[in-house]
Amino acid sequence: MIRTVASALGALFASSLLAVSAQAADLTIGLSTPITSLDPHFHQLTPNISLARHVFETLIETDENQRPKPGLAESWKSLSDLEWELKLRKGVKWHNGQEFTADDVIATIKRVPNVPNSPASYAFFVRPIVDIQAVDKYTLRLKTAKPHPLLPNDLSAVMMIPKSVAETAKTEDFNSGKAMIGTGPFRYVEYVPGDRVIMKRNDTYWGAKPAWDNVRFKMIPSAPARVAALLAGDVQLIEAVPTADIANLKKDKRVSLSSAVSNRIIYLHMDSDREKNSPFVTTADGKPMEANPLRDPRVRKAISKMIDRDTIIARIMEGQGVAAGQLLPETFFGTSKTLKPEKYDPEGAKKLLAEAGYPNGFGITLHAPNNRYINDAAVAQAVAQFMSRNGIATKLETMPSNVFFSRGSKLEFSLLLAGWGAETGETSSPLRSLLATFDKEQGLGAANRGRFSDAGVDAVLSQAMTTIDDTKRGILLARAAEKAVGELTGIVPLHYEVSTWATRAGITYKARSDQYTFAYEVRPTK
Amino acid sequence: MMVFVLRRLAQTALVLAITSLLVFGGLYLIGDPVEILVNPAADQIEKDRASKALGLDKPIHEQYLGFVTGALSGDLGNSFVYNRPALEVISERMPATLELAFLAMVIAVTLGVPLGLYAGLRPDSPVSKAIMAGSILGFSLPTFWVGLILIMVFAVQLGWLPSTGRGPTTEFLGLQLSIFNVEGLRYALLPAINLALFKLSLIIRLTRAQVREQSLLDYIRFARAKGLANRRVIGVHLLKNIMIPLVTVIGLELGSVIAFAVVTETIFAWPGMGKLVIDSIFQLDRPVVVAYLLVVVFMFIMINLVVDLLYSTLDPRVRLSELHG
């Protein structure tokens, strides 16, 4: 009995030695969040998109700063304010050997808004398209009802599938692998929900060949376990490196780190709408207060001056953040060159509060999620302490994001901390959702949980949204941001999150602002 | 006995109905799933569409009625997130959790009972003291910490075992299981040990206490006075009598190890049900949460039933009709 146990243990350890000598062209990646579906049009969620992009491609792609670049479409141009023409890449083959043509694009765009039971569909990206025609096999004409300058950005979110699949496949056909036919650099091999996805190289790929024969994506949601898996060599690349481990990993010769500022801003939203009885506003000693000081832009500016962003980034974010003065980092499209992060200025804040008629401050509760953003609860705590120290007695209440966002959207808070990732990679995304006047029909201000509203901002924004010319639109967007954030402090920008990847030595990954982890951009250094 | 089982089953139905009502109402109070599921940039048109697609636009009592109607015909609804039947989503992950729980309980029982026996029979030996001290550690160290230490030592430092994940599976009794091949067992070993540690300590301490108590009773002295071999005294008379409380505890612990292995599953990225249900709660994926809790409640009731039936086998004095459920 003892001998059999011993030999079984011996076998266990011996096979671990064998595993070390695996092939060099295999890559294992540790993902931070499990995917929910392989259907590229079912559930719009960062991990789903990141994974599906290995198999499926978009007409227009984006570079690491999210500027559009050619994908399955070689070029695109606007013919008039309402009409666009796309030239498709020739000679691209689907994984089943058929040729990629304009018909596939039309069928895909038809399927996108019609995926049954989708909890978060991609319909938003194709809704502006009212008509789509194939001029020939490789040329498409798209019409929109209104001028829609973001069409290239929207198309960069829509993954192409073959016509035969688009017309018949259901979501479960993708999850079973049957419908996993794309044009991308990898072919689907296996998916075990909650555990792993396995892919192999597509040797007939039209673009640059990836460096890896086989790629295995392991889902390791626990951050310390993900780091341990990297240190143990079970995975060669991990995403979402926890801030607490970064200092140690930097010293470790077995790994290297790469990071990039992301398109996600962490900000404070203030109830700037209710004239009186904002739910969590009190006097400085906690008695009910009728007036709503947050309506006054000077008070909002004062809050911004009370927060020492550099300290929060250095101490709480362990350097994994960049102080924010507007809605997106300056490298992105439509950002302002003049908006800079607000300096920590307690004296200036006091003066502004006094000018606004609150020399003794007031009381408020800050609400924040505690499982959504990097170190969100700790950041909120620091913000509340800075505010309390500088004249606004601030209580803090954190909660899981499933409770937080429901309550926030019902306008139950006076002051909240949240984050916004600009998926389009330009300033109109946060402007339209966070700062435009709430308008249900037009879909504006969808996440404007402070109900900020300014006619001037709305006017510049709506002009920008119908300006096809990129240069002019960029200037308009920057101007809207300067007014909404700089002048009126519709939100208080705190910081942009930095996303970090860690690889084993000998492998590099070029960090991206959109937080996607792409195996085809992982390269051996030799 | 038949009456006893039937009465238990009737009670089960009642408990399941109450559970479903509580979970349904509880999740409704937490928040609106649409707020979590849709893209933050989505406008009201998209939110309304999602709400309608998931049947969340109806009033809550209609939603519950729809659920009950479906449940009576065995359909617990489709997951919001996965768009598949909730029961299917759960049963797909169940083998992973079951095999881990099974392995952990095997480790806990095969080590725990002998060690506890030894410590109980020789309470003053240094080995017994070491066992008891170790069991205190097993009790008090938090699972997530022990799990990380196991990974750091055996996977990162020594490199003997893989750090996370589940190994290749083979088919066994129609289930895809990984613990019946060497490679799969390598993956399962660390999480199983982590999961077993607490139960092991519990079983050691319980066995020891029982042995100490029973050893002083008359029937043991009588058996010894009769000149029975030590092995027979312990193996037959003593063991049989300490088994009754042990079986109860092991049964309950088996249930909890299956239902609440979430910490271990998360740390070792083990694709089981525990992780699934936590994710589902965060995403307010109501059908999965409701189905999961119904399955768990059902499982607990069944384990208890089996434990009660075992009682009467182990101790002929216990009559089932006297156990009022």
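Predicted model: local features only at pLDDT ≥ 70, side-chain atom pairs only at ≥ 80, totals over all residues.
Local features need pLDDT of at least 70 and side-chain atom pairs count only at pLDDT 80 or more, while totals for chains, interfaces and linings use all residues. Residues are numbered from 1 along each chain as its sequence is written, and chains are lettered from A and ligands numbered from 1 in the order in which they are written.

**View 1. Chain A as a whole.** Chain A holds 17 helices and 19 strands. Helices (H or I, at least four residues) and strands (E, at least two) are DSSP runs, numbered from the N terminus. The C-alpha trace spans about 75 × 75 × 40 Å along its principal axes. Buried residues make up 52% of chain A. A residue is buried if 20 or more other C-beta atoms lie within 10 Å of its own, exposed if 12 or fewer, and partly exposed in between, with C-beta atoms placed from the backbone.

**View 2. Chain B as a whole.** Chain B has 13 helices and two strands. Its C-alpha trace spans about 85 × 55 × 35 Å along the principal axes. Of its 325 residues, 38% are buried. The mean pLDDT of chain B is 86, and 98% of its residues reach 70 or more. pLDDT is the predictor's confidence in each residue, from 0 to 100.

View 3. Contact means that the C-beta atoms of two residues, placed from the backbone, lie within 7 Å. The model scores ipTM 0.80 and pTM 0.86.

**View 4. A four-stranded sheet in chain A.** The open sheet runs in the order 4-5-7-6, with antiparallel pairing. Two strands pair if DSSP finds at least two bridges between them. Strand 4 (73–80) and strand 6 (129–136) stand at the edges with a single partner strand each, so one side of each lacks a neighbour in the sheet. Six bridges join strand 4 to strand 5 (residues 83–88). S78(A) has W84(A) as its bridge partner. Helix 3 (residues 102–111) of chain A lies across strands 5, 6 and 7, running at about 165° to strand 6. Axes are lines fitted to C-alpha atoms, for helices over the stretch in contact, and angles run from 0 to 180 degrees between N-to-C directions.

**View 5. A hairpin in chain A.** Strand 8 (residues 186–192) and strand 9 (residues 196–201) pair antiparallel over six bridges. V192(A) stands opposite R196(A). Three residues separate the two strands, and G194(A) in the turn has a positive phi of about 75°.

**View 6. L444(A) in its loop.** L444(A) is found between helix 15 (428–435) and helix 16 (455–464) of chain A. L444(A) counts as buried because it has 21 C-beta neighbours inside 10 Å. S433(A) is eleven residues from L444(A) in sequence, and 5.9 Å away, C-alpha to C-alpha. Leaving aside neighbours within four places in sequence, L444(A) is in contact with R432(A), A436(A), T437(A), F438(A) and D439(A).
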